[in-house]
Amino acid sequence: MGSLQEQLLKAGLTTEHKAKMAKSEKRKAQKKKKKKGATSDPSDLQKHIAQTKLEQQQKAEELNKAKQAELKEREQIARVKQILEHHNQDSIRGEVTFNFTYENKVKELDVNEQTKQALSKGRLAICVLEGQFYVLQDEPARKIAEVDEKYIVFHVEDDSNGPDEDDPYAGYEVPDDLIW
């Protein structure tokens, strides 16, 4: 016995043309199913949908984290800029050159003698933002250091411990006005 189609053809209930048409329609329907990604098992489709939703959620979370980090960075820069502009010492200009390092390069700042002494003792600090240098008092510089230390270029920490007991040069004072 052949297929049902052959049996119907032998019995004369259908024509060869109608059989070919039915075959081609069946093939087209199967192609459409494959193109749409439809499966005969609904659980596979649900798994695919759940996985897609999970991937979208993870991508949204990553974008959100990146936006939050960028917003935090902008807030930090705005806060630092506000502190720098508000507490910048304008009366520091003078004829004495104060040298410090920034990005492995020696930079110079023309200051007066009082400012040089204050910088060397830690009462003043040099900060940088967007390539511009600012001279601040100790307290605002500490506030900036709390936000991020990368803005502090030069700040001498207070050495309130005194001289070290094992220091062989403890009896020899280095003069503050030493010029190299």
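Trainee: How many salt bridges does a search of the whole structure find?

Mentor: Four. Bear in mind that this is a predicted model. Here's the general idea: side chains of opposite charge can pair when their charged atoms come close.

Trainee: What makes Glu 70 and Arg 74 a salt bridge?

Mentor: Set the distance against the cut-off: a side-chain nitrogen of Lys or Arg has to be within 4 Å of a carboxyl oxygen of Asp or Glu. The closest N and O atoms of Glu 70 and Arg 74 are 2.6 Å apart, so the pair meets the definition. Both sit in helix 3, and because they are four residues apart, about one helical turn separates them.

Trainee: Why is Arg 74 called exposed, while Glu 70 is called partly exposed?

Mentor: Exposed means over 50% relative accessible area, buried means under 20%, and partly exposed is in between. Arg 74 has 54%, so exposed is the word.

Trainee: What joins Glu 73 to Lys 150?

Mentor: Another salt bridge, with N to O at 3.4 Å. This one links distant parts of the chain: Glu 73 belongs to helix 3, Lys 150 to the loop between helix 5 and strand 5, and they are 77 residues apart. Glu 73, at 30% relative accessible area, is partly exposed.

Trainee: And how do you know that Lys 81 and Glu 130 form a salt bridge?

Mentor: Their closest N and O atoms are 4.0 Å apart, and the cut-off is within 4 Å, so the pair is listed as a salt bridge. Lys 81 is in helix 3 and Glu 130 in the loop between strand 3 and strand 4, 49 residues apart. As for accessibility, Lys 81 is partly exposed at 32%, whereas Glu 130 counts as exposed at 64%.

Trainee: On to the strands. What makes strand 3 and strand 5 a pair?

Mentor: Pairing takes at least two bridges. Strand 3 (residues 124-129) and strand 5 have three, in the antiparallel sense, so they pass. Ile 126 stands opposite Phe 154 in strand 5.

Trainee: Which order do the strands of that sheet take?

Mentor: The open sheet of three strands runs 4-3-5, with antiparallel pairing. Strand 4 (132-137) and strand 5 (152-155) are at the edges because each has a single partner strand, so one side of each lacks a neighbour in the sheet. On average, neighbouring strands are turned by 20 degrees against each other, direction ignored.

Trainee: Which helices lie against these strands?

Mentor: Helix 3 (residues 42-87) packs on the sheet, touching strand 3 and strand 4, with its direction at about 65 degrees to that of strand 4. Helix 5 (residues 138-147) lies across strand 3, strand 4 and strand 5, at about 120 degrees to strand 4.

Trainee: What about strand 1 and strand 2: how many bridges join them?

Mentor: Seven, and the strands run antiparallel. With at least two needed, they count as paired. Val 96 has Val 111 as its bridge partner in strand 2, and Tyr 102 stands opposite Lys 105. The hairpin has two residues between the strands, and Glu 103 takes a positive phi near 55 degrees there.

Trainee: Which residues of helix 4 are buried?

Mentor: Thr 115, Gln 117, Ala 118 and Leu 119. The buried residues of helix 4 pack against strand 1 (96-102), strand 2 (105-111), strand 3, strand 4 and strand 5. Gly 122 follows helix 4, with a positive phi near 95 degrees.

Key. Residues are numbered from 1 along each chain as its sequence is written. This is a predicted model: local features need pLDDT of at least 70, side-chain atom pairs count only at pLDDT 80 or more; totals for chains, interfaces and linings use all residues. Side-chain values use heavy atoms; hydrogens and water are left out. Axes are lines fitted to C-alpha atoms, for helices over the stretch in contact, and angles run from 0 to 180 degrees between N-to-C directions. Contact means heavy atoms within 4.5 Å. Buried means under 20% relative accessible area, exposed over 50%, partly exposed in between (1.4 Å probe, protein chains only).
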